[in-house]
Amino acid sequence: MPDHWTMILAPLAMLAALTAPAMAQEPPATTPPARSAAIEELDRKYGEQFRELHRRQISELAALAGRSQGAEAEAADRRLFALAIEQNLCREAQDEAARCLKVGASARDVRALAALVQALARADRGQYGQILVDWKELLKSAQGEKVEVALAVGEATLQRLIHDGRYEVARDLCDLACAGESPAEVRDHFASRKARLDHVGKPAPAIAGKDVDGRSVTPADLRGKVVLVEFWATWCPPCVAAIPHLKDLERRYGEQGLVILGVSVDAMHEDVRESNHALNTVRRFLVRHGVTWTNLMSGEGPADLTRAFGVEEVPVNFLVGREGKVIAVEQSGEALDRAIAEAIQKRPR
């Protein structure tokens with residue numbers, strides 16, 4: 001399977017790491033309610049204090065950047081913006097981000113961080129129209145080394161819009177990237193991303209085939225269910241990290257109509273020459289990790305589910321409602337929990 005997305009964003013992978021939504025954690029062991037409440041109160045109390053300290057740190061870093069020049073100013077802004085993204089305090093850093101973009105920092109990563117802080121701050125305020133205006137301006141300057149900045153900022157902003165369920169705005173962002181004089185790398189990347197988003201609100205591609213144990217899976221088996229289609233691979237660390245959360249989802253919603261359907265892309269990796277070898281690898285992996293939900297192997301021709309869903313990297317998921325339409329894509333953590341809970345409550349018409 002092509003890995004061009006990773007190659008495109010590798011120079012600024014830090015951005016994706018800083019902005020990726022936090023994954024839901026495996027449920028803690030049961031504890032006495034009184035003690036649990038006491039711990040939660042302490043967490044809340046000190047969390048607020050830490051948050052206030054971070055606000056003060058952002059303010060002082062902005063002051064330092066304002067009175068400094070050259071490398072010291074950029075170092076202060078770099079730390080400020082990274083802190084704001086990490087702690088979800090982009091509103092507090094928005095003024096400094098705007099100033100940095102106006103004067104034009106020379107360091108590529110600082111410009112990218114400033115643009116991203118501004119986009120995330122606007123998302124926090126619900127200013128989605130302004131996000132698109134800023135994106136158009138960024139695209140106009142996307143030449144040379146700035147192409148990588150546009151790709152990184154655009155992808156991170158797109159992830160935030162998708163995480164917030166703002167699929168229409170996310171599509172608009174992709175449309176802008178595919179229009180006009182955008183560089184080929186930008187057009188190709190966001191055309192691919194939009195192809196996946198276009199599934200939302202439409203009937204899901206038909207899923208049929210044999211699972212890893214040779215059992216048949218047909219569309220009839222999934223009718224009336226809420227289906228989480230999870231594309232993954234044994235060699236993908238984030239895929240492995242998601243397993244505890246998927247187990248928890250199956251435990252909580254399995255009897256209420258949730259079906260988790262894994263689709264392994266192991267057989268499509270460029271280093272794989274024998275599909276049977278990939279199948280055996282996947283079987284061993286599933287046993288080792290205690291995975292109980294159904295898993296298919298994506299392959300060639302009619303068995304190529306990645307083509308049907310527009311998948312070019314993993315992990316990625318699609319949530320299909322009881323009526324057979326895709327209702328969410330690329331969700332994780334609490335956002336995925338909410339989407340599944342809402343879908344479970346709806347009955348097919």
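What share of the contacts in the protein with a separation of 6 or more comes from residues 24 or more positions apart? Here are some notes on that and on a few places worth a look in the viewer.

1. **Overall picture.** Please keep in mind that this is a predicted model. To take the opening question, residues 24 or more positions apart account for 73% of the contacts with a separation of 6 or more. The protein has 349 residues, of which 45% count as buried. Its secondary structure comprises 16 helices and 7 strands.

2. **Helix H4.** This helix covers residues 70-86, 17 residues in total, and reaches 24 Å from its first C-alpha to its last. That is close to the 24 Å expected at 1.5 Å a residue. Its buried residues are Ala73, Glu74, Ala76, Asp77, Leu80, Phe81, Ala82, Leu83, Ala84 and Ile85. You will notice that Glu74 and Asp77 are in that list along with Leu80 and Phe81. As a reminder for reading such a list, an α-helix has 3.6 residues a turn, so residues three or four places apart point the same way.

3. H4 is followed by asparagine 88, which is found in the loop between H4 and helix H5 (90-103). Asparagine 88 has a positive phi of about 55° although it is not a glycine. Is this residue buried or exposed, or in between? Its relative accessibility is 45%, so asparagine 88 counts as partly exposed.

4. **Glutamate 330, another positive phi.** Glutamate 330 also is not a glycine, and its phi is positive, about 55°. You will find glutamate 330 in the loop between strand S7 (326-329) and helix H16 (333-345).

5. **H6 against H8.** Two packed helices are described by the angle between their axes and the distance between the axes. For helix H6 (residues 108-124) and helix H8 (residues 146-163), the axes come within 9 Å and cross at roughly 25°. H6 is therefore roughly parallel to H8. The crossing is right-handed. On the H6 side the contact is made by Arg108, Arg111, Ala112, Ala115, Leu116, Ala119, Leu120, Ala123 and Asp124. H8 contributes Lys146, Glu148, Val149, Val153, Ala156, Thr157 and Arg160. Sorted by class, this contact has 9 nonpolar, 1 polar and 6 charged residues.

6. **H9 against H10.** How do the axes of helix H9 (residues 167-178) and helix H10 (residues 184-197) cross, and within what distance do they come? They cross at roughly 150° and come within 8 Å. That angle is over 145 degrees, which means H9 is roughly antiparallel to H10. H9 passes H10 in a left-handed crossing. The H9 residues in the contact are Tyr167, Ala170, Arg171, Leu173, Cys174, Asp175, Ala177 and Cys178. Those of H10 are Val186, Arg187, Phe190, Ala191, Arg193, Lys194 and Leu197. By class the contact has 10 nonpolar, no polar and 5 charged residues.

7. Alanine 208 is found in the loop between H10 and strand S1 (209-210). At 48% relative accessibility, alanine 208 counts as partly exposed. Leaving aside neighbours within four places in sequence, alanine 208 is in contact with Val217, Thr218 and Pro219. Proline 302 is 94 residues away from alanine 208 in sequence, with 9.2 Å between the two C-alpha atoms.

8. **Loops around alanine 233.** Alanine 233 sits in the loop between strand S3 (226-232) and helix H12 (237-241). Because its relative accessibility is 0%, alanine 233 counts as buried. Not counting residues up to four places away in sequence, alanine 233 touches Cys239, Val265, Asp266 and Val314. One of these, aspartate 266, belongs to the loop between strand S4 (258-264) and helix H14 (275-288). Aspartate 266 has 4% relative accessibility and so counts as buried.

9. **The cis peptide bond.** Which form does the peptide bond from valine 314 to proline 315 take? The bond is cis, with omega near 0°. Proline 315 lies in the loop between helix H15 (305-309) and strand S6 (316-320). This takes us back to alanine 233, which is 82 residues from proline 315 in sequence and 7.7 Å from proline 315 in space, C-alpha to C-alpha.

Key
Residues are numbered from 1 along each chain as its sequence is written. This is a predicted model: local features need pLDDT of at least 70, side-chain atom pairs count only at pLDDT 80 or more; totals for chains, interfaces and linings use all residues. Side-chain values use heavy atoms; hydrogens and water are left out. Axes are lines fitted to C-alpha atoms, for helices over the stretch in contact, and angles run from 0 to 180 degrees between N-to-C directions. Helices (H or I, at least four residues) and strands (E, at least two) are DSSP runs, numbered from the N terminus. Angles under 35 degrees count as roughly parallel, over 145 as roughly antiparallel, 65 to 115 as roughly perpendicular and the rest as oblique. A crossing is left-handed if the near helix is turned anticlockwise from the far one by less than a right angle, and right-handed if clockwise. Contact means heavy atoms within 4.5 Å. Ala, Val, Leu, Ile, Met, Phe, Trp, Tyr, Cys and Pro count as nonpolar, Asp, Glu, Lys and Arg as charged, and the others, Gly among them, as polar. The expected span of a helix is 1.5 Å times one less than its number of residues. Buried means under 20% relative accessible area, exposed over 50%, partly exposed in between (1.4 Å probe, protein chains only).
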